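The stops below are meant to be followed in order.

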Amino acid sequence: MGIWAYMTSSNLVHLLDVLIIWFLLYKVITFVEGTRALQILFGVGAIILIKVVAWYTGLVVVSWLMDQLITWAPIALVVIFQQEIRRGLENLGRRLTVRRHHIDNEQARELIKGLDMALEYMSKRRIGALITINGKDTLEEYIKTGITLDAKVTGQLLINIFIPNTPLHDGAVIINNDRVAVAAAYLPLSESTRIPKELGTRHRAAVGISEATDAVTVVVSEETGEISITQRGDLLRNMDRDSYLNFFEKQWIEPVGKKSKKSLLGQLFRGKKS
């Protein structure tokens, strides 16, 4: 019989229960990795360990004290982790919400052309810039903080926005559905400890919006002219022209084969309707 003797419905349910708990613990650890929250979680783990040792060795007073800490810990954790809890619930809600965002290849090439012109100009002249391009997730919360433009994406417009000492140069430009929605917008700052200390507020804002949404954000350093890109919490630094063009094309330009297949299916569908 071997292992199959243990494959009862009850044991399978227990196995599934354990796997779910391990998966949730893994997701929590990866979610708070690189933040101060991870250090706090280690502190909570230390309290639980002390409680177990105190109970096992008969240290009554220490065990009672740890019981009090554990009793009130959930309330304290909600207060301490309110930002992380909010961010986690937002991410869960976005995963459960289906949003369609698609620009065709012609629009994508125009967008890339405008970004390329602006990045080349600003990088050479060390003009600081922060540009966020939406993905499937909504950016309405951050769009409301900016000054409305609703303009076509062009290199000239992006350059003019970020020229120093102009009214719109502070903050971020948000490109939403292939148009410059707003300028001078505020983005959430990341608290990640993995961000190099030499990087400033622009880079922290870029990482912050990438942690909260699936948007692509481009940063031009005012000090060095270095171009960086963030997405889903990752920070790509020292992007040269070939690197960022390749990145943009993979993000927004649909392969020809895939596009033609969709067109063929559409023609067949229309044919059946007619």
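Start by selecting Asp-178, which is buried, with a relative accessible area of 19%; buried means under 20% relative accessible area, exposed over 50% and partly exposed in between, with a 1.4 Å probe and protein chains only. Asp-178 sits in the loop between β3 and β4. Its phi is positive, about 70 degrees, although Asp-178 is not a glycine. Most residues other than glycine have a negative phi.

Before moving on, note the conventions. This is a predicted model, in which local features need pLDDT of at least 70 and side-chain atom pairs count only at pLDDT 80 or more, while totals for chains, interfaces and linings use all residues. Residues are numbered from 1 along each chain as its sequence is written, and side-chain values use heavy atoms, with hydrogens and water left out.

Next, select Arg-126, in the loop between α5 and β1. Arg-126 also has a positive phi, near 55 degrees, in a residue other than glycine. Arg-126 counts as partly exposed, at 48% relative accessibility.

Now colour the whole chain by secondary structure. The protein chain has 10 helices and 7 strands; helices (H or I, at least four residues) and strands (E, at least two) are DSSP runs, numbered from the N terminus. Of its 274 residues, 35% are buried. The accessible surface comes to about 17,900 Å², with 61% belonging to carbon and sulfur atoms; areas come from the Shrake-Rupley method with a 1.4 Å probe, and for residues only the protein chains shown count as cover.

Select Leu-115, Met-122, Ile-131, Val-173, Ile-175, Phe-248 and Trp-252: these have the most contacts inside the largest nonpolar core, which has 33 residues. Such a core is a set of buried Ala, Val, Leu, Ile, Met, Phe, Trp, Tyr and Cys residues joined through side-chain atoms within 4.5 Å. Elements giving two or more residues to this core include α5 (105-125), β1 (129-133), β3 (172-176) and α9 (241-252). The most come from α5, with 7 residues. Apart from this core lies another, of 16 residues, among them Ala-181, Val-182, Leu-187 and Ala-206.

Which residues does Trp-252 touch, not counting those up to four places away in sequence? They are Ile-103, Asn-105, Ala-108, Leu-111, Ile-112, Leu-115, Ile-133 and Val-216, where contact means heavy atoms within 4.5 Å.

Show α5 with α9. Their axes come within 10 Å and cross at roughly 155 degrees; axes are lines fitted to C-alpha atoms, for helices over the stretch in contact, and angles run from 0 to 180 degrees between N-to-C directions. The two helices are therefore roughly antiparallel, given that angles under 35 degrees count as roughly parallel, over 145 as roughly antiparallel, 65 to 115 as roughly perpendicular and the rest as oblique. Residues making the contact include Leu-111 and Leu-119 of α5 and Tyr-244 and Leu-245 of α9.

The axes of α5 and α7 come within 7 Å and cross at roughly 40 degrees. That makes α5 oblique to α7. Among the contact residues are Gly-114, Ala-118 and Tyr-121 of α5, and Gly-155, Leu-158 and Phe-162 of α7.

Finish at His-203, in helix α8 (residues 201-212). Is His-203 buried or exposed? At 6% relative accessibility, His-203 counts as buried. Not counting residues up to four places away in sequence, His-203 touches Val-219, Ser-221 and Ser-228.
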